[in-house]
Each structure stands twice: as structure tokens, then as C-alpha cells.
Amino acid sequence: MSKFEKKRGKNTPGISTSSLPDIIFMLLFFFMTVTVMRTGEIKVAITTPSASELTKLEQKSLVSFIYVGRPQVQYQSEMGSAPRMQLGDKFSELSDIRFFLEKHKLKLPENQKAKVIASMKIDKDITMGIVSDIKDELRKAGQLKVNYSAKRKN
Amino acid sequence: MARKSSRDRLNNEVNAGSMADIAFLLLIFFLVTTTIAEDKGVLVLLPPWSPEVPDIVRLKERNVFSVLVNANDQLLVRGQEMPIGQLRTTAKEFIINPLKRETMSESPKKAIVSLRNDRGTHYFRYLEVYNELKAAYNELRNERAQQQFGRFFDDLDQDQRKMIVNEIPLILSEAESTSFGEEDK
């Protein structure tokens with residue numbers, strides 16, 4: 001009787017924390033792999049509309065982004081408040097689209113150049129005028145695969 | 001001698017207790033900077049550019065499902081005003097034409113959707129209309145897939161999908177926008 005009690009009372013086994021770093025590392029690697037560092041700031045205000053027939057864009061490297069919306073408040077003094085287009089990290093004109101797309105394709109291997117998708121992130125409250133112009137420009141540039149970025153409708 | 005050897009053994013162990021803290025710090029950093037990339041949207045294939053205006057007049061009127069969206073975001077579907085809630089069912093009925101009416105498409109293969117908007121139309125309304133038209137086609141394809149293969153369209157293999165897309169092709173033409181309404185300034 002007393003033999004057993006003595007032994008247990010003396011050294012209480014603590015919870016082993018030696019596997020804690022491993023668990024944390026696993027979480028760490030998960031977040032490291034899913035993290036996409038935000039490249040460049042978005043200078044136009046965009047709230048994407050919602051839709052139900054959505055397609056997921058799988059390969060990030062094959063997507064060129066086109067942002068359209070009203071300039072953010074801090075840029076309105078120089079750019080005005082009319083909807084503008086942003087390519088890469090700067091405000092651009094319609095004529096810049098072709099060059100922008102070509103620049104993106106330059107980095108890709110030959111067999112993937114036809115798979116490029118233009119993802120248009122457009123604010124839901126602007127009018128179609130500028131969007132139609134961009135669409136025409138994309139057609140002229142031969143960039144026919146277009147994705148209108150949208151949220152899932154509930 | 002015995003004492004010395006025990007000290008040696010102690011010194012040789014690397015203290016791994018702070019490892020967790022370091023990992024935590026990194027973890028928190030990545031947690032904060034992560035924006036899980038959610039890039040979804042309505043995928044569209046634009047028609048190739050051609051300078052001449054397409055000649056819609058050639059087509060039989062019964063095969064054309066024309067949708068006009070004006071600057072007030074109102075819809076005119078085949079000459080009739082329509083709330084957007086009815087667009088999907090109307091489009092489906094038009095494409096399939098179950099009652100074989102004279103006024104609707106001869107067959108799904110010949111049906112053409114013609115979408116035209118104003119430069120003053122709001123973008124969300126345009127996308128809503130596009131989404132409804134796409135949804136109509138997706139539903140029809142799904143129904144056909146269920147009938148023929150007893151499975152959803154998304155679960156079919158490539159040949160079966162091709163077959164159904166062939167039967168119900170999405171032909172959507174977008175005419176040049178009108179410019180009656182006012183654009184954003």
C-alpha cells in the first residue's frame with residue numbers, strides 16, 4: 001500500500017511539451033504555404049459584386065489582374081473621382097493594356113501563353129462605359145479569356 | 001569522476017524549450033500577413049475582335065434571345081420589360097422550347113443570346129444579368145446530364161461533358177454598348 005503511494009506522490013509527471021514545437025511548426029508551414037504576400041497596393045476602391053456561377057482561378061501565375069474603380073480618397077486630389085483603371089501598381093490608360101498583357105506573357109513558358117486569364121476586379125457601383133472600353137481593348141489584344149471577379153452569393 | 005561525467009551530459013543537451021516560442025512568433029507573423037487567396041469569378045470568353053459590325057439581321061428572329069439593359073438598370077427581354085428574377089426561367093424556356101412554339105428557338109443548338117447594355121448601366125447589374133444567363137445554361141446542362149447519365153454535369157468525364165456542351169452550346173453575343181445614359185464622372 002504505502003509503497004505505491006510514496007512513489008506517485010514524489011514526482012508528479014508533468015505534461016510533456018516536447019511535441020509542442022512540432023505542432024506549432026506544422027501550423028507554421030501551413031500558413032507559410034498559403035500566404036500570398038500582397039504585391040503592390042490597390043489604389044482604387046473595389047467592392048466586387050456577388051454572383052452564383054463562379055469558377056475558381058487555379059494557377060495564380062497565369063492570371064493578370066485589372067482593377068477598375070474610383071480612386072481611393074488619398075489619390076482623388078490628383079486623379080479625380082471618375083472611375084480609373086489600375087494595372088500592376090499604377091493608374092493606367094486604355095492603351096497600356098496591350099503592353100501590360102505582353103509583359104506578363106513574357107515571363108511564361110511558350111505552352112502556357114494561351115492559358116492566361118485576365119481577372120477583372122471591378123467595383124460594383126461604377127457604370128459600364130469604362131468596362132466596355134476595356135473589354136474592346138482586351139479583344140483587340142487577343143486576350144479573350146476574362147474572369148469577372150465576384151463573391152459567392154448566399 | 002562520476003560527477004564530472006554527469007555534468008558533461010547536462011551541458012550537451014540543447015535547450016529546446018524556447019523553440020516553441022520562436023515558432024509561435026513566426027506563426028503569428030504569418031497568421032497576420034495571410035490573406036487566403038480567394039479568387040473566384042464569372043469566367044467569360046469574349047468574341048474575337050473584328051472591325052465590322054456583326055450582322056444579327058441574318059439570323060432568324062425566333063432564335064435570338066435579346067436582352068437589353070438600359071442606363072436605369074431595367075431589362076428589356078425580347079421587347080418586353082422584365083424583372084431580373086424571371087430572366088433565368090424565361091431564358092431556359094426559350095432555349096429548350098418544350099412546347100415547340102413558333103416564337104422560340106428551333107433547338108438549343110440554334111439559340112443565340114444577344115446581350116446589349118448601355119454605357120450608363122451599372123456594372124453589378126450587368127454581371128447579374130450575365131450570371132443569370134450563365135446559370136440558365138448551367139441548369140439546362142445539369143438537367144440533361146441527369147437525364148442521360150444520371151449524374152451532375154460537373155461529375156461527368158470529359159467526353160460526356162463535350163457531348164452535352166455540343167447539344168446545349170452557350171452562344172452569347174454582346175453588341176456594342178449604347179450610350180444614352182450618363183456615365184460616372
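Student: Is A:Arg84 buried or exposed, and why?

Tutor: Keep in mind that this is a predicted model. The general idea is to count the C-beta atoms around a residue, and a residue is called buried if 20 or more others lie within 10 Å of its own. A:Arg84 has 20 other C-beta atoms within 10 Å and is therefore buried. This residue is found in strand S5 (residues 84-87) of chain A, and, apart from neighbours within four places in sequence, A:Arg84 is in contact with A:Val44, A:Pro71, A:Met79 and A:Phe91.

Student: In what order do the five strands of the open sheet in chain B lie?

Tutor: One reads a sheet strand by strand, across its pairings. Here the order is S4-S3-S2-S5-S6, with mixed pairing. Strands S4 (80-82) and S6 (172-174) of chain B stand at the edges with a single partner strand each, so one side of each has no neighbour in the sheet. From one strand to the next, the twist averages 25°. Within this sheet, S2 (residues 64-69) and S5 (residues 112-117) of chain B pair in the parallel sense over six bridges, and B:Phe65 has B:Val113 in S5(B) as its bridge partner.

Student: Which residues have the most contacts inside the largest nonpolar core?

Tutor: In soluble globular proteins, nonpolar side chains tend to be buried together. The largest nonpolar core here has 44 residues, and those with the most contacts inside it are A:Tyr148, B:Val42, B:Tyr123 and B:Leu127. Helix H4 (residues 123-149) of chain B gives the largest share of this core, 10 residues. Beyond its neighbours within four places in sequence, B:Val42 is in contact with residues including A:Leu54, A:Tyr148, B:Leu127 and B:Tyr130.

Definitions and conventions
Residues are numbered from 1 along each chain as its sequence is written. Chains are lettered from A and ligands numbered from 1 in the order in which they are written. This is a predicted model: local features need pLDDT of at least 70, side-chain atom pairs count only at pLDDT 80 or more; totals for chains, interfaces and linings use all residues. A nonpolar core is a set of buried Ala, Val, Leu, Ile, Met, Phe, Trp, Tyr and Cys residues joined through C-beta atoms within 7 Å. A residue is buried if 20 or more other C-beta atoms lie within 10 Å of its own, exposed if 12 or fewer, and partly exposed in between; C-beta atoms are placed from the backbone. Helices (H or I, at least four residues) and strands (E, at least two) are DSSP runs, numbered from the N terminus. Two residues are in contact if their C-beta atoms, placed from the backbone, lie within 7 Å. Two strands pair if DSSP finds at least two bridges between them. Axes are lines fitted to C-alpha atoms, for helices over the stretch in contact, and angles run from 0 to 180 degrees between N-to-C directions.
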